[in-house]
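Subject: Structure handover

Hello,

Here is the structure for your files. My notes on it follow below.

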Amino acid sequence: MKMARSSGSATKMPKAPAAAAADRFTALPLELRAQIASFLPFPEVARLAVLSRPWRSIHLHTPVVDLDQDGFLYFAGDIVDHRTSLPGLLDDDALLGVRDALLRCARERTAVDVLKLDYSAGDPRIRRHADRIIALADASEVVLSVPYPIFGARLELHWNDYNLAPAIAGPGAAALREMELNNMEELRRWPHLPSLRDLTLTIVNVKGPFAPAACFPLLENLCMCATNIEHPRVDILLPALNILHMDDVDVSLPAGDLGRGGDEDDDDPCCGLRRHRRGRPAAGGSAVDAPQLEVLVVKGTLEWTVEYRSFTLCAPRLRRLTWCGQYAERVAIDAGWLGGVSKGKIQFVSNGEREEPYSRDMKYYRAQMLQMLQGLLQDLPPETVADVARPYMTVKTYTVEAEGTSEMIPEERLTCNLTALMSTRTR
C-alpha cells in the first residue's frame, strides 16, 4: 500500500493587509509620497527615513515643513540652567539636525513651498534656531504661530533677501503689540493683528496694496523706512494713529504701467515730465486720515524717492510736522485751525545742474511749500500766506561734489521754520 508523499514545501501564507498596503504606498512616485507625508509634522516625516531605502530621503523632498520648535524643549516648567534663568532644556542637537536637513534641501535644489513654524519668540535659544530655519527653508510662504505673553509682546523678523510672504497666526496674533519687519524682498500678504500698536518696516518691498486699517485697526505708531509699495495709492486711515514716519517711502506702479489708464492731463504742467520718465516707476498717491495724529515726519532723499502724484492729510490734532525733500504734484493739508502745528520745518533741496530722474527745479518746490503753508494757515486768505511766511523762509546756496567726479556743482536749499512761524501766530 503506497503512502502519499509530502511535497516537502510549506504552504505560502498570504501577506497581511497592512503589509500589502505599505508596499503599494512605497510603490508610489517619490513626489506623491512626499506630498502625502507633508501633512505630518516634520520630525515624523524625518522618522519615515528609517523604514527602508525608498524612504531614506523623504524628508528632503516634502514641499511643506511643519515644525513646532517648542516640542524640542523638555522640562519646560523648571529652571534647568540657573545661569540663563530660562525654563526647560532645549534639544539643540535635534534642531541642528532639522537645520542640516533644510541645508541639504537647498543644496539639492528641492524647494520648500510652505514653512509652518510654531515657536516661542520670547526664548532667545529658540528664536536663534527659528531665524536660521526660516533662512535655510527659503520658502515662498511662511506661516508663523508665535505664542506671546499678553503684555509687551514684540516680534522682530530679519529676512535678508528672501522671497517671503509671512502670515502670523495662533494665540500670539491676538496679543502681539509690536512688529518689526526688516530686509524683505517681497511681501504680498498681511496678517490680521487686531491688537498691534507699533509697526516698523525697514527695507521692505510690498507687492500690492497696503491698507493698515484692515489689518491693524488699533495701530498707534507706524514707521516706514526705505520701503517700496507697488500700488497706485496708499490709504492710511487709522483712528488711533499718533506718530507716522515715512522715510524714503515709494508709492508707485512698476515701470511701464504709467499712462496705461489714460489719466494723464495734457494741461497738467507735469504731464510732459511724467512722459519723459516712462520706463521708470510711475508715481502713486498717499492719503492720511488720522484724527489722533500728533507727529508726522516725511523725508525723501534727493534722486532716490519716487515722487508722489498726490498727498492728502487730514490730522486736526497735528502738533509737529517735519517734511524734507519729498515732492508731490498736488498737496492738500488739513491740520485744523490756528493753534495746531507748533513745531517742525518744511525743507527742499534742488540742483538744476543735475539730470537725475527725480530732481526738480526749485520753483516746483516753492509751489509745493506754498500749498502746504496754506493748509497750515487756514485763518489767512490764500493770497497773503506767502507774505506772512516769507520772514521765516531761508534760501542757502552752496556747492557739493558731484557723485563719481571731482566736479563741484551748486545746490540750493529752501527751508521754512514752522516752529518760529507758528509761534508768532499763537501769541
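At what angle do helix α4 and helix α5 pack, and how far apart are their axes? Before the answer, the basis: this is a predicted model, in which local features need pLDDT of at least 70 and side-chain atom pairs count only at pLDDT 80 or more, while totals for chains, interfaces and linings use all residues. Residues are numbered from 1 along each chain as its sequence is written, and side-chain values use heavy atoms, with hydrogens and water left out.

Helix α4 (residues 92-107) and helix α5 (residues 124-137) pack at about 15 degrees, with their axes 9 Å apart. Helices (H or I, at least four residues) and strands (E, at least two) are DSSP runs, numbered from the N terminus. Axes are lines fitted to C-alpha atoms, for helices over the stretch in contact, and angles run from 0 to 180 degrees between N-to-C directions. α4 and α5 are therefore roughly parallel to each other (angles under 35 degrees count as such). Residues in the contact (heavy atoms within 4.5 Å) include L95, L102 and A106 of α4 and I133 and L136 of α5. The residues of this contact divide into nine nonpolar, one polar and four charged (Ala, Val, Leu, Ile, Met, Phe, Trp, Tyr, Cys and Pro count as nonpolar, Asp, Glu, Lys and Arg as charged, and the others, Gly among them, as polar).

Next, the strands. They count as paired if DSSP finds at least two bridges between them. An open sheet of four strands runs in the order β11-β14-β16-β18, with parallel pairing. β11 (233-237) and β18 (328-334) are at the edges with a single partner strand each, so one side of each has no neighbour in the sheet. Within the sheet, β14 (residues 285-289) and β16 (residues 308-314) pair over five bridges, and G285 has S310 in β16 as its bridge partner.

Elsewhere, β19 (residues 343-350) is joined by five bridges to β17 (residues 320-324), in parallel, with L321 opposite G344. β19 also pairs with β21 (residues 408-417), antiparallel and over six bridges; there K345 is partnered by N417.

Regards

Terms used: Parallel < 35°, antiparallel > 145°, perpendicular 65-115°, else oblique.
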